[in-house]
Amino acid sequence: MQLQDENYDIIIIGAGAVGSGIVLDASLRGYKVLLLEKNDIASGASSKSSKLVHGGVRYLEKAIKNLDKSQYDLVKEGLQERAIFLKNASNLSSRVKINIPTFSYINLFYTWIGLFMYKLIASKKSLGNNSFLNKVVSTLFFPNIKNEKLKGCVSFYDGTFLDTRMIISLLQTANNKGASLKNYCEVNGFLYDENQKIIGVKYFDKFENQEYEVFSKCVINASGASVDNIRILDDKYSDEILALSSGVHIVVKKEFLGSSEALLISNTSDGRIIFILPYLNHCLIGTTDESCVYDENPKVKDKQIEYLLNEVNIYFQKPLEKEDILSSWSGIRPLIKNRNINTTQEIVREHLITSSKNGLISIAGGKWTTYRKMAQDMIDFLIEKKILEKKEPCITKNFKLLGNEEKHEDLEKLISFYPVSKNTKESLITLYGTNATKVLLLANELDNFELINDDLPYLKAEIIYCIENEFVKKPIDFLSRRIGLCFVDKKASISCVETICQVMAKLYNWDEKDLELQINETKEYIENYF
């Protein structure tokens, strides 16, 4: 056990959407912060989202049907946060047009009214006008959609984003403001004073193979689906506050959708909605929703794949087969438990902040769109309860994240003279935003513009950049949560493993045995979890 000299104002457990948001807010307010993540950053549900920044059309429908003000308030807050999200992460997010195919005039009218209310609630923060596409125009936009009984599509706008890249941007920004960030460091215990109040944590650094003790004024448990596990680590008699829900997504070729716009299927067999979205030059389909138990690395189940295929194929002329799936993944949503509700899809996704008798502060629930508000509420809570002294005010509403300073078209001009293909330039801007210039500058310094794979747009220099600037420690970190390749093409990811490991071997001084181990471990992970 090694004692660290530094004392912190806040220690945060978990580098997902919520933990990363809290780190940024706290560091911008002037607090000294340490973030600890037991695996890689964004390795839980935060990287396995539907990639949407939304107010929640489904919540609005339930608010109207059930006259439920809590659902309505959730939609209103989500739409306000959507506007802030798109403004502050302009290179990592954008608006997307979503079309809802309708097969009866009654449903068409009902859908139109609902989307009109959605736009009305957004008010000045609306992303665009709703519209109606008749049957002929709908089939031109989506040639694969079945036109039998189709009346047309009702369209509206929401936001879409790259979830893993968003977390990297949040953490890089916080890091620049003085926050300390450590991945692959697992909290395995707490430090207590003579009154049994938490004054720090014990954590194990998996790479240094060393256990540390570090002190702070407060500890925040923002570990997502692990929130109850961490709470039990502090108090074995803690009641569960989470209802866990499994959500699965599949990815197919972009030609299946045949459009840069999205589709929303609103009439599934179990009353859920399914999105079919453009995503990194592919087509993303999801999601499922069923109760589950905690699993650090959940696997996709055959029945979940079958569910998505069956529901989607009802609406398309050329059916999807299992062989068409390029990648798939499963994430666990940390919903707040409600004993009066029977299924996880009915639970309102509000967030909860709670303190244990020993002073462990836990935050749970919410969704990606409201990560910033959750972070603000957490720091405000700590100040209100006098756990922390008030310093600077919250400024995250109007704070541009790192990588989002320049506009897309200006970036294209800045990188136009580098000797890389149009596809590589587009990929760099999509993934790194303004930092694309830093990647290309590094490649120029190394005099190496080689690709990882001739059929893919990624540069070998990106591996080095991500190790030096984006907290990469393992090959799977780079492949899945930095360039996102595992999430769109499993086979292509496996084909890149050896090249990536060879580049990393030089930087980390791996011997032949280490190299072989990393290659095998990475391929096995991709095979099992994508």
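Okay, hi everyone. Before we start, keep in mind that this is a predicted model.

Let's begin with a pair of helices. Two packed helices are described by the angle between their axes and the distance between the axes. Here the pair is H2, residues 57–66, and H4, residues 105–122. Their axes are 10 Å apart and cross at an angle of about 105°. An angle from 65 to 115 degrees counts as roughly perpendicular, so that's what we call H2 relative to H4. Who makes the contact? On the H2 side you'll find Val57, Leu60, Glu61, Ile64 and Lys65. On the H4 side, look for Tyr110, Gly114, Leu115, Met117, Tyr118 and Ile121. Sort the residues of this contact by class and you get 8 nonpolar, 1 polar and 2 charged.

Next up, helix H6, residues 163–176. Then, just after H6, glycine 178 takes a positive phi of about 105°.

Strand E8, residues 185–192, pairs with strand E9, residues 198–205. Do they run parallel or antiparallel? They're antiparallel, paired over 7 bridges.

Last, two single residues. Phenylalanine 142 is in the loop between helix H5 and strand E6. Is phenylalanine 142 buried or exposed? Buried means under 20% relative accessible area, and phenylalanine 142 is at 1%, so it counts as buried. What does it touch, leaving aside neighbours within four places in sequence? Its contacts are Asn99, Leu257, Ser259, Glu261, Ala262 and Leu263. Take serine 259 from that list: along the chain it is 117 residues from phenylalanine 142, yet their C-alpha atoms are separated by 6.5 Å.

The other one is serine 427, in helix H11, residues 422–432. With a relative accessible area of 12%, serine 427 is buried too. Not counting residues up to four places away in sequence, serine 427 touches Pro457 and Tyr458.

That's my tour, thanks!

How values were computed
Residues numbered from 1 in each chain as written. Predicted model: local features only at pLDDT ≥ 70, side-chain atom pairs only at ≥ 80, totals over all residues. Heavy atoms only, no water. Axes fitted to C-alpha atoms, helices over the stretch in contact; angles between N-to-C directions. Helix = DSSP H or I, 4+ residues; strand = E, 2+ residues; numbered from the N terminus. Parallel < 35°, antiparallel > 145°, perpendicular 65-115°, else oblique. Contact = heavy atoms within 4.5 Å. Nonpolar A, V, L, I, M, F, W, Y, C, P; charged D, E, K, R; others polar. Expected span 1.5 Å × (residues − 1). Pairing = 2+ DSSP bridges. Buried < 20%, exposed > 50% of the residue type's maximum accessible area, 1.4 Å probe, protein only.
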